[in-house]
Amino acid sequence: MSHIDEGALHAYLDGELASTERKTLEAHVAECPACGARLAEERALVKRASQLLGLAQPLERPAPPLHQLRQPRLMWRLRMPLAWAASIVLAVSLGYYLRDPRSGMVTQPASSTVATADDRAMSAAAEEKAAAPRERRQLNQSNRLNDALTGGAVGKTSTDSHARHTTPTSPPAAGVVAARPPASLRNAEPVPAVVPNAAEPAARAEADLSMLRGRLVATEWPVISREPARRILGAEPVGVPGLPVRDIRRSPAGDGTVLVEQQLDAATVIQLFQRPATAERAAYTAPAPMRLDRSSGAREYAAADRLARFVGALRVEIAGPLSQDSLNRLLEQVKPLP
Amino acid sequence: MPEDIADIYRSTYRALVRFLYRKVWDAERAEDLAQEAFARALVHKPENARGWLFVVAANMARDEARRAARERRHLTLLKSEPETVRSSPEEEIDADTTRTRVRAALDELTPRDREALLLWDAGMSYDEIAAQTGLARGAIGTTLARARRRLVEAYDAAIEGGGGGQHVAHR
């Protein structure tokens with residue numbers, strides 16, 4: 001019999017030879033010292049390769065219960081009525097707050113010098129402090145994603161500033177923080193980025209409500225394809241580069257708003273509301289009023305609690321279950337979808 | 001059948017995460033993708049759920065890689081594993097270095113050899129690997145032999161080239 005090829009030796013060592021082939025091989029190896037030596041060599045190789053692969057594996061963490069993989073959607077369905085009630089309460093509170101001239105809610109353009117990177121970092125630090133562990137993981141994911149998208153520049157700035165300002169000597173501008181766009185975006189006309197100056201529970205509720213509203217919108221807005229979206233907007237729809245687009249939707253009110261939903265990770269979706277900017281620019285010279293009526297489609301989610309900016313000819317708002325700072329950083333990435 | 005998927009989930013989840021991790025090199029992302037694959041399996045209820053899961057997972061990992069390439073960004077986040085607790089920074093650096101070397105060694109394999117090796121390490125049989133990769137069953141042994149040899153050689157070459165102080169035991 002000729003010598004055994006290495007494929008058969010590996011199949012034998014992997015326990016994948018049929019019994020007759022196995023017996024034939026074993027009989028040959030018993031008589032052939034050369035093949036016996038090769039078998040020992042291949043056995044060492046199999047073991048070594050397995051050890052090397054074992055050096056490159058993730059930390060073992062327990063698998064979440066299988067039923068939890070479906071839970072989020074069910075949970076949202078159950079919590080929808082509660083979400084509406086909570087959003088109305090929050091909207092009334094915010095509306096009252098916005099009307100108080102002494103509250104410090106002063107809208108300022110982003111091109112002013114109100115907010116520096118350090119201010120933003122302090123704002124981010126406060127939000128991170130308020131975030132529950134679940135949200136913190138999402139924030140981490142968002143930060144990691146941002147690091148990936150920006151080569152780490154944004155995340156590092158935030159982290160470094162955070163370290164320098166563990167005991168801030170001056171608070172950020174109350175109520176409204178105008179986000180400074182990155183250098184590459186400073187030519188675009190910015191829109192004030194609004195961050196409610198609320199206590200930690202309120203900030204948390206804000207984040208939750210933002211997510212809840214998103215889920216509600218997602219069930220009511222018809223899904224459309226890319227071409228109709230382009231027609232509605234008169235331009236390419238925009239999104240955060242590198243994130244898969246889950247759905248493109250249009251406003252049921254026919255007000256020219258398109259919603260791009262993108263998957264941040266398996267459990268997190270961000271929403272980018274966009275519409276032609278021309279009709280909106282005038283409206284944003286003054287603070288947008290809080291609207292409570294449910295009949296006005298997208299406008300019920302008016303700008304008081306959403307970050308927004310202009311991207312080319314579009315006005316884009318972002319919403320999602322992340323901190324305002326994270327959303328703001330994602331919004332800074334937005335550009336026309338490839 | 002959901003019951004079957006529950007069994008497969010218990011027996012295969014870790015293997016699927018490991019398989020994905022060696023493709024996306026991000027532990028959290030690998031877990032997210034594995035959970036997404038199982039969530040899809042719950043909806044689609046495929047007949048051969050185990051094989052189906054690995055096909056879906058491989059496709060998702062491939063989509064990730066393509067997107068990363070398109071964006072010209074590296075989604076390699078080898079150091080961003082906050083849950084990883086090690087006893088000292090030195091150990092952490094060592095683990096990162098080792099993982100990076102194994103990753104580089106895996107990159108030296110042809111895509112087909114690498115796929116066969118990762119599927120085998122994830123617990124797939126020769127029959128399952130053949131079905132997944134399109135290779136003849138009789139060619140799997142040879143493919144794995146070549147993949148293992150190349151992996152070990154590439155890793156050892158990196159150790160020698162990098163002047164690492166680790167013991168090299170074989171070939």
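Okay, two strands count as paired here if DSSP finds at least two bridges between them. Keep that in mind, because this predicted model has a sheet built on that rule.

So, the sheet. Chain A has six strands in an open sheet, in the order β1-β3-β4-β5-β7-β6, and the pairing is antiparallel. At the edges you'll find β1 and β6, residues 307–311, each with a single partner strand, so one side of each has no neighbour in the sheet.

Strand β1, residues 223–224 of chain A, pairs with β3, residues 245–250, in the antiparallel sense over two bridges. Across that pair, A:Ile224 has A:Ile248 as its bridge partner. Next along, β3(A) and β4(A), residues 258–265, are antiparallel too, over five bridges. Here A:Ile248 turns up again, with A:Val260 as its bridge partner in β4(A). And A:Val245 stands opposite A:Gln262 in β4(A).

Now over to the other end of the sheet. What lies across β5, β6 and β7 of chain A? That's helix α10, residues 324–333 of chain A, and it runs at about 5° to β6(A).

One more helix in chain A before we move on: α2, residues 19–31. With 13 residues at 1.5 Å a residue, α2(A) should span 18 Å, and its end C-alpha atoms are 19 Å apart, so the two agree.

If you take the contacts in chain B with a separation of 6 or more, 57% of them join residues 24 or more positions apart.

In soluble globular proteins, nonpolar side chains tend to be buried together. The largest nonpolar core in this model has 57 residues, and B:Leu16, B:Ala37 and B:Leu151 are among those with the most contacts inside it. Which helix gives the most to this core? Helix α1 of chain B, residues 2–24, with nine residues. Zoom in on B:Ala37: leaving aside neighbours within four places in sequence, B:Ala37 touches B:Leu16, B:Leu53, B:Val56, B:Ala57 and B:Met60. There's also a second, separate core of 29 residues, including A:Ala229, A:Val238, A:Val316 and A:Ala319.

Terms used: Residues numbered from 1 in each chain as written. Chains lettered and ligands numbered in written order. Predicted model: local features only at pLDDT ≥ 70, side-chain atom pairs only at ≥ 80, totals over all residues. Helix = DSSP H or I, 4+ residues; strand = E, 2+ residues; numbered from the N terminus. Expected span 1.5 Å × (residues − 1). Contact = placed C-beta atoms within 7 Å. Axes fitted to C-alpha atoms, helices over the stretch in contact; angles between N-to-C directions. Core = buried A, V, L, I, M, F, W, Y, C linked by C-beta atoms within 7 Å. Buried ≥ 20, exposed ≤ 12 C-beta atoms within 10 Å, placed from the backbone.
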